[in-house]
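Good morning, and thank you for making time for this item.

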Amino acid sequence: MSDATFDYIIIGAGTAGCLLANRLSADSSKQVLLIEAGQADNYHWIHIPVGYLYCIGNPRTDWLYQTEADKGLNGRKLRYPRGKTLGGCSSINGMIYMRGQARDYDNWAAATGDDDWSWKSSLPDFLAHEDHYKLDSIQRSIYAGKVPETLEKFASMHGNYANAGAGKSTGEWRVEKQRLSWEILDAFSLAAQQAGIPASEDFNTGDNEGVGYFEVNQRRGWRWNASKAFLRSVKSRANLTVWTQTQVAKLSLTTDAAGARCTGAELVRQIRGRGERTSVSIAQGGEMILSAGAVGSPQILQLSGIGDSASLNALGIKPQVDLKGVGANLQDHLQIRAVFKVQGVKTLNALANSLWGKAMIGLEYALFRSGPMSMAPSQLGAFTRSSPDQPHANLEYHVQPLSLDAFGEPLHNFPAFTASVCNLNPTSRGTISLKSNRFEDAPAIAPNYLSTEEDRKVAAESLRVTRRIAAQPALAKYKPEEFKPGVQYQSDDELAKLAGDIATTIFHPVGTAKMGRDDDVTSVVDSHLRVRDGQGSRVQGLRVVDASVMPSITSGNTNSPTLMIAEKAARWIIQGK
């Protein structure tokens, strides 16, 4: 097929890629190509919130990755879901809207030497696309000629209510209150407060310590993914081309006296059931933007000869740019699922294990778009400290009115709740590396969980915090009984080993193409996300814009921070910075 030329080529139509396509195609003089390896997001289970159960592990929507056997998990391998459809992971994830903590971004600013990444400077890039349900009340108040003080305070952190009063959209990324409630979750929330965790109505002020219901990316009970938010309204733009079922074989690079330059990419498109090779080129002054995620972006860089030279040579790939940090610095949140049997209270286990219960669940969703089918995977959240000497909240809880042996397995046949806890700031680091020089082959994913003494200590302490919450008076009438891991495990060593036996990923991989200062030889991109050339300069025309650029993982769910990164990058690209 003949070569086509574009001003901007975006690889990956996931969370970051959809926003970039929206922003960059706003200039009608620029030709924009958005490439997605998966199919369109027209699979019905993508849009029903509980449909994540049918999207994860499904080749229609998931890359079906698996980790390498992990020593920290006592030799276990884990399923490693990554979205493979328009909207990417925002089409299969937990829908939780979470910015993280202010210190996360201040640490990024320190790591890069660029204050643009500070919390203060990043907040406007969250607000640029946020459409929060509480702003609806502000808009109504403005039309009535008054903004209550409490709403004005909220608006200062969650959007421009002046625009709302002018009848303008407050953003594309819808954030709503969950359309459900559970007695057992309310009791857990009260128990957490009795254990010293304050109640919270807003996890997104910069300090998320507290307990409360998560806010979710939904609109009226439907999943709100990045494709709906950022692509749907602009796909008709004449200068925006979207290719689905198109996989990148490698980037095209040239190297001369002026340095390294990305000139395009070699692709394989599925057309009428056949894989057809083609190539695309970048126009003069244009850019290639990698937004394939923390697994896909380093894989594509390595396939293109950008990475550790010795490793690339060993696979028969000619090194173009020697960057040892590509695929390194992998970080993820490892969740430890504690299950408690309960009595005298409704949980999803009992409700979903009868035909009548299933019928009522379906009817409630059909009539009201509420109830269990509108559920995010986790409903109640809590952020707290693993021990009193921690300077900030370093644990996150995802609490659910259900239990099962493992994700994808049937629900237990007894009433129970699950309190999953993760270390927000793990010190363990893993890798993404090629297994072969074939783009069709999945890379080796080695998270290296629980590989540091600090992480093992926090894992043990976190299980003790869970037990302390479960022992509070608010839960006593339900007679909680620890089913997993089991009260027989008490010592640090026992609990750390047990964490390795039962813990699973919470699907937050980041950091594999991290940004950093010019003197940081482990960084892959600079503070404006331009790929380094290993010689003190940049690979011209090439950026990475996705969760892989995070130098350290955020203290919470990673989807919305990825959108913030894309918002900031889009502005820089447009400005030529």
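Predicted model: local features only at pLDDT ≥ 70, side-chain atom pairs only at ≥ 80, totals over all residues.

**Strands, rings and cores**

Let me begin with an open sheet of three strands, in the order S5-S6-S8, whose pairing is mixed. Its edge strands are S5 (130-132) and S8 (215-216), each of which pairs on one side only. Strands here are DSSP runs (E, at least two residues), helices are runs of H or I with at least four, and both are numbered from the N terminus. Two strands pair if DSSP finds at least two bridges between them. S6 and S8 run antiparallel and are joined by two bridges, and Lys-177 stands opposite Glu-215 in S8.

Residues are numbered from 1 along each chain as its sequence is written, and side-chain values use heavy atoms, with hydrogens and water left out.

Next, strand S19. Why is strand S19 described as largely enclosed by the rest of the structure? Six of the six residues in this strand (395-400) are buried, so the description applies. Buried means under 20% relative accessible area, exposed means over 50%, and partly exposed lies in between, with a 1.4 Å probe and protein chains only. In a regular strand, side chains alternate between the two faces of the sheet. In S19, Leu-395, Tyr-397 and Val-399 point one way, Glu-396, His-398 and Gln-400 point the other way, and all are buried.

S19 pairs with S18 (residues 380-384) in the antiparallel sense over five bridges, and Thr-384 stands opposite Leu-395 there. S19 also pairs with S20, again antiparallel, over six bridges. The bridge partner of Glu-396 in S20 is Cys-422.

I turn now to the rings. How many aromatic pairs does a search of the whole structure find? The search finds 17. Rings of Phe, Tyr and Trp (its six-membered ring) pair if their centres lie within 6.5 Å; planes under 30 degrees apart count as stacked, over 60 as edge-to-face and the rest as tilted. Trp-173 and Phe-230 form a stacked pair, 6.0 Å centre to centre with 20° between the planes. This pair links distant parts of the chain, with Trp-173 in strand S6 and Phe-230 in helix H10, 57 residues apart. Both Trp-173 and Phe-230 are buried.

The rings of Phe-340 and Phe-417 have centres 5.3 Å apart and planes at 15°, so this pair is stacked as well. Phe-340 lies in strand S17 and Phe-417 in strand S20, 77 residues apart. Phe-340 counts as buried at 5% relative accessibility, and Phe-417 is buried at 1%.

Ring pairs also link Tyr-105, Trp-108, Trp-117, Trp-119, Phe-126 and Trp-572 into a cluster.

Finally, the cores. A nonpolar core is a set of buried Ala, Val, Leu, Ile, Met, Phe, Trp, Tyr and Cys residues joined through side-chain atoms within 4.5 Å. The largest has 78 residues, of which Leu-251 and Leu-529 touch the most other members. Helix H18 (residues 559-575) gives the most to this core, with eight residues. A second, separate core of 65 residues includes Val-295, Leu-330, Ile-361 and Val-465.
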